[in-house]
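Please view the sequence and the model together.

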Amino acid sequence: MITVIIPAHNEAAGISDTLESLKSQTQPPDRVVVVADKCTDATGEIALALGAEVIRTVGNTDKKAGALNFALEGLLPGANPEDMILVQDADSQLSHDFIERATAHLRADRRLGAVGGVFRGADGGGFVGHLQRNEYARYARDVKRLHGKCLVVTGTAALFRVRTLEDVIEARLDGTLPPGNCRGGVYDTSVLTEDNELSFALLTLNYRIKSPADCTLVTEIMPTWRELWAQRLRWKRGAVENCVQYGWTRVTRPYWGRQALSVTGIVVSLAYFGTVAFALGTGEGLHIQPFWMAVTGVFVIERVVTVRLRGWKYMLAAATMYELLIDLFLQVVHAKAYVDVALNKKKAW
């Protein structure tokens, strides 16, 4: 049996497309549950009209993680350990064969704890939307090259066995894993990135995680720089705090390595622009050096090749390095995330 759980907070604008994508699956789910969390719009009514079950959270103050725990606490006790649970965002539409392919991957590997999706950005959002679609295309390329190996099974869509989630609950209660919501909830409600933390939890329990290239979906992009800033600050701060939460372990070493690379990138960017500003400010001027021209050439090739999935027009545009704008933007966000962690500033979703 396959059950889909969709946490939703005021998703009336997109819930229809999400539910229609489930209806068109080559392997339709047996049950679709929309968790209406403090909705003040017509999300619940639309979902009911399209045949989904709707449950409404009661007293939830823990956002998406709390809504998911609320639903799972009711669903898991009566489920068969080999049943499957697909958790997906209310603003994501699965490819028509997503469930069929994801269940095949899960059934083929007993130690596979979760199967995630490879997403591409939805239309819209103007220039900032375009930049995100390029970014997601590069992510899809990386995952394909690594045969589905991923660092995080993202919350856009992830398929689990019931027994895997029950193992997580047991490990939270016996202290093997962080306590989560301290009541045996699958999702840790104390963190900003509950999907990242659950990925850590599964890896700590010696499960594998995977985002196969044939499990695709379309997800919402942030339509403004302000909203992109808020989203990425949450992601980046959450990732740092998840590393701190788990400490230095065999699981977290690669994640700490990525944090070190990010810090290095921020320092290099500061040094680069600082020296340029100094040269221009003191009248020294800029001098072209072959070595740095070669380095720049490598960066240009990387930008062009990695966006190949979007076609030659996007490859030509990438050669101009106009995407440096979002690269620098994300580095500033990352630096802000480190400052917030260091100062223990109040978390915000």
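Is Glu 194 buried or exposed? Glu 194 is buried, at a relative accessible area of 7%; buried means under 20% relative accessible area, exposed over 50% and partly exposed in between, with a 1.4 Å probe and protein chains only. The model is predicted, so local features need pLDDT of at least 70 and side-chain atom pairs count only at pLDDT 80 or more, while totals for chains, interfaces and linings use all residues. Residues are numbered from 1 along each chain as its sequence is written, and side-chain values use heavy atoms, with hydrogens and water left out.

**Salt bridges overall**
- The whole structure holds 18 salt bridges, each defined as a side-chain nitrogen of Lys or Arg within 4 Å of a carboxyl oxygen of Asp or Glu.
- One network of salt bridges links Glu 82, Arg 110, Arg 161 and Arg 163.

**Glu 194 and Lys 64**
- Glu 194 pairs with Lys 64 in a salt bridge whose closest N and O atoms are 3.8 Å apart.
- Because Glu 194 lies in helix α7 (residues 194-204) and Lys 64 in helix α3 (residues 63-75), the pair ties together parts 130 residues apart in sequence; helices are DSSP runs (H or I, at least four residues) and strands are E runs of at least two, numbered from the N terminus.
- Lys 64 is partly exposed, with a relative accessible area of 24%.

**Arg 161 and Glu 82**
- The closest N and O atoms of the salt bridge between Arg 161 and Glu 82 are 3.7 Å apart.
- Arg 161 belongs to strand β8 (residues 157-161) and Glu 82 to the loop between α3 and β4 (84-88), so this pair joins parts 79 residues apart in sequence.
- Arg 161 is buried at 1% relative accessible area, whereas Glu 82 is partly exposed at 37%.
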